[in-house]
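Here is a briefing on one predicted model. It covers sheets, helices, domains and ligand shells.

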Amino acid sequence: MYQYTDFDRQFVRNRAAQYRDQLERNLAGELSDDDFRPLRLQNGWYIQRHAPMLRVAVPYGELSSAQLRVLAKIARDYDQPDAHVYQTAQTTQAKLGTATLPTGYAHFSTRQNVQYNWIPLDKSADVMDLLASENMHGIQTSGNCIRNITSDERAGIAVDEIVDPRPYCEILRQWSTLHPEFAFLPRKFKIAVSGAREDRTASAWHDVGLRLVRADNGDIGFRVLVGGGMGRTPVIASTIRDFLPWNQILNYLEAVVRVYNRWGRRDNMYKARIKILVKAEGQRFTDEVEAEYQQIIEIDGAPHTIAQSELDRVSASFVPPALKGHKPDSALKVAQILRATAENDVEFGRWLKQNVAPHKNPDLRAVTLSFKRLGHAPGDATASQLETAADLADQFSAGEARVTHDQNLLLPWVRCDQLPELWRAARQAGLARSNIRLLTDMIACPGGDFCALANARSIPIAQAITERYQDMDELHDLGEIDLHISGCMNSCGHHHSGHIGILGIDKDGQEWYQVSLGGSDGSTLSGTPVAGKVVGPSFGAAEVPDVIEVVLDTYRRERQNGETFIATFRRVGMDAFKQAANSVRQTAEAELA
Ligand code: HEM
Ligand code: SF4
């Protein structure tokens, strides 16, 4: 994984020291809250519904075991609100029906970051120092700038990989961090980079999606997608360049972001994302970018062309780790042991199928630890679970883990012969549920339990559905399904791209939920990226699990030859599903009448 340099270390530590000074001046009354606000936001500190929320950047999702331990320490020692803050929060949430608000945990986000919901602001400088001790920070996790670069959680190990995207992500990270020209864009700007045939990054749903490709002559380059995004107006990104030589990516992105900076709708926050500009201008946007790019090449002298030596220098960080006690000649024997273990234990077999993915190195596997389990919000990790994950990473995965787009943790370097041992250890920690890519491996945002912008709570909906689908036979029979939940139109829970999407809405101060079907993030399972369609009028919270159930019953009735949910939905069409979903509302209305 990336080896932080002295420059990186110094940079992050300096930032933490500056932040401490800013906070102390604010607490002493020398720096007004208004003046302090942009400074804390630039370091990832938001003020949310009940308390400050901290977003920690995790570049392309990579975390070392040492970083995981620091995140665990922060969860245990700092994600603890002052008593009066917690009391007020509990009272507020109790009115909505939330029993207890959890504290002492970290939350994995879909953009591979980590969030905390309770850290008191007066402790925030201590937390920044702790993060900096392992080269972490919250820079550019907020505000209208280029945010954390995300990538494929299986980067560098996927069997379908064309080129490892991580060196490019790292170069982009260095280019975009504190880039003076792009600190105040019209709106936030999110970039995802994928180097594999399958898009596991939802690249078409990003402001910029970069797909590494190999031309017929063997040259490496990028397909450049621009203008994807969710929110109120879901838009799939357009391809504006089929092939851009890899060494031109910074020059070209400079052109894209400049055009956006110049023409983005600063007059209207709801129209400020680049997707609106790309949609409105079409070919004119591409022409502007190409003209700007030509200028950067011809007049400015292509200043950001990446030299081969620079790519080699950065790539040196990403050589596969040497694995302790590795026995490459025992593959056949290992396969026999795994098969025998799976035959003796159905759950191990299911875990192998769902949570274990193939690896470029045939002696290794990528293993996903499931953070989707009953009693926890999707993607929440307690301090002790983070520590266990760190121990598992040390013992089984060369000290490395990755945050996944689906809000789990992946161990990228697991020896096949150690799979049974890892499974037992992960199971003991409650992280081996064999539900990866199944219904209960859902994406959900924090919603109305924590987020000040929410229209409705997401977590109780996620929990009610999880509770209903605890039977592993049933879950596996239903197969792979993307269920995505957002608490408002900002779409942090990616409801538009879910095969089943749930969106919280506010009707007369009450929580209601819209259900949409047929969305896709662009992965192999889901097919061409597309936004789901709403089934009809919205539902009360208690009705949502029933709606999911009738939709899934319709799938079971209609499916042919082991089709997935999304394949059946596309073949059969919306009507049957819509009718089933709306029958829940009609039943509820009949009871009220
Ligand atoms: C509670 C704290 C959060 C707040 C206040 C917040 C706020 C927002 C807002 C205002 C937007 C819309 C920006 C726009 O379209 O102009 C947004 C987008 C987004 N958020 Fe969050 N968010 C929060 C937490 C999260 C979490 C936990 C995740 C991941 C699980 C997340 C993932 C995203 C993503 C992926 C988008 C982009 C959606 C798109 O493509 O339009 N956010 N967020
Ligand atoms: S989707 Fe809405 S409710 Fe959910 S985290 Fe984003 S802003 Fe908050």
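Five strands make up an open, antiparallel sheet in the order S3-S14-S15-S12-S11. Strand S3 (62–64) and strand S11 (356–357) are the edges; each has a single partner strand, so one side of each lacks a neighbour in the sheet. Helices and strands here are DSSP runs, numbered from the N terminus: H or I of at least four residues for helices, E of at least two for strands. Two strands pair if DSSP finds at least two bridges between them.

This is a predicted model: local features need pLDDT of at least 70, side-chain atom pairs count only at pLDDT 80 or more, and totals for chains, interfaces and linings use all residues. Residues are numbered from 1 along each chain as its sequence is written, while chains are lettered from A and ligands numbered from 1 in the order in which they are written.

**The antiparallel sheet and its helices**

- S11 pairs with strand S12 (residues 364–369) in the antiparallel sense, over two bridges.
- Valine 356 has valine 367 of S12 as its bridge partner.
- Helix H3 (residues 65–78) packs on this sheet and touches S3 and strand S14 (400–403). The direction of H3 makes about 85 degrees with that of S3. Angles run from 0 to 180 degrees between N-to-C directions, and axes are lines fitted to C-alpha atoms, for helices over the stretch in contact.
- Helix H13 (residues 383–396) also packs on the sheet, touching S12, S14 and strand S15 (409–415). Its direction makes about 25 degrees with that of S15.

**The mixed sheet**

- Another open sheet has five strands in the order S6-S7-S8-S9-S10, with mixed pairing.
- Its edge strands are strand S6 (150–151) and strand S10 (238–245), and each pairs on one side only.
- S6 runs parallel to strand S7 (residues 191–194), with two bridges.
- Threonine 150 is opposite alanine 192 in S7.

- Strand S17 (residues 483–486) and strand S18 (residues 500–507) pair in the parallel sense through four bridges.
- Isoleucine 485 has isoleucine 502 of S18 as its bridge partner.
- S18 and strand S19 (residues 510–517) run antiparallel and are joined by eight bridges.
- Glycine 501 faces serine 516 of S19.
- S18 and S19 form a hairpin with two residues between them. In the turn, aspartate 508 has a positive phi of about 50 degrees.

**Helix pair H1 and H5**

- The axes of helix H1 (residues 6–27) and helix H5 (residues 124–133) come within 9 Å and cross at roughly 175 degrees.
- H1 is therefore roughly antiparallel to H5. Angles under 35 degrees count as roughly parallel, over 145 as roughly antiparallel, 65 to 115 as roughly perpendicular and the rest as oblique.
- Val12, Arg13, Ala16, Tyr19, Arg20 and Leu23 of H1 make the contact with Ser124, Ala125, Met128, Asp129 and Ala132 of H5. Contact requires C-beta atoms, placed from the backbone, within 7 Å.
- This contact has seven nonpolar, one polar and three charged residues. Ala, Val, Leu, Ile, Met, Phe, Trp, Tyr, Cys and Pro count as nonpolar, Asp, Glu, Lys and Arg as charged, and the others, Gly among them, as polar.

**Domains**

- The protein is divided into domain 1 (6–133), domain 2 (158–317) and domain 3 (443–592). The bounds come from an automatic or database domain assignment.
- The centres of domain 2 and domain 3, taken over C-alpha atoms, are 32 Å apart.
- Twelve residues of domain 2 are in contact with 13 residues of domain 3.
- The side of domain 2 that touches domain 3 has six nonpolar, two polar and four charged residues.

**Ligand shells**

- Ligand 1 is surrounded by 23 residues; the closest are Ser109, Met230, Cys451, Asn490 and Cys492. A residue is near a molecule if its C-beta atom, placed from the backbone, lies within 6 Å of it.
- The shell around ligand 1 has ten nonpolar, nine polar and four charged residues.
- Ligand 2 is surrounded by 13 residues; the closest are Cys445, Cys451, Gly487, Cys488 and Cys492.
- The shell around ligand 2 has seven nonpolar, six polar and no charged residues.

Terms used
Two residues are in contact if their C-beta atoms, placed from the backbone, lie within 7 Å.
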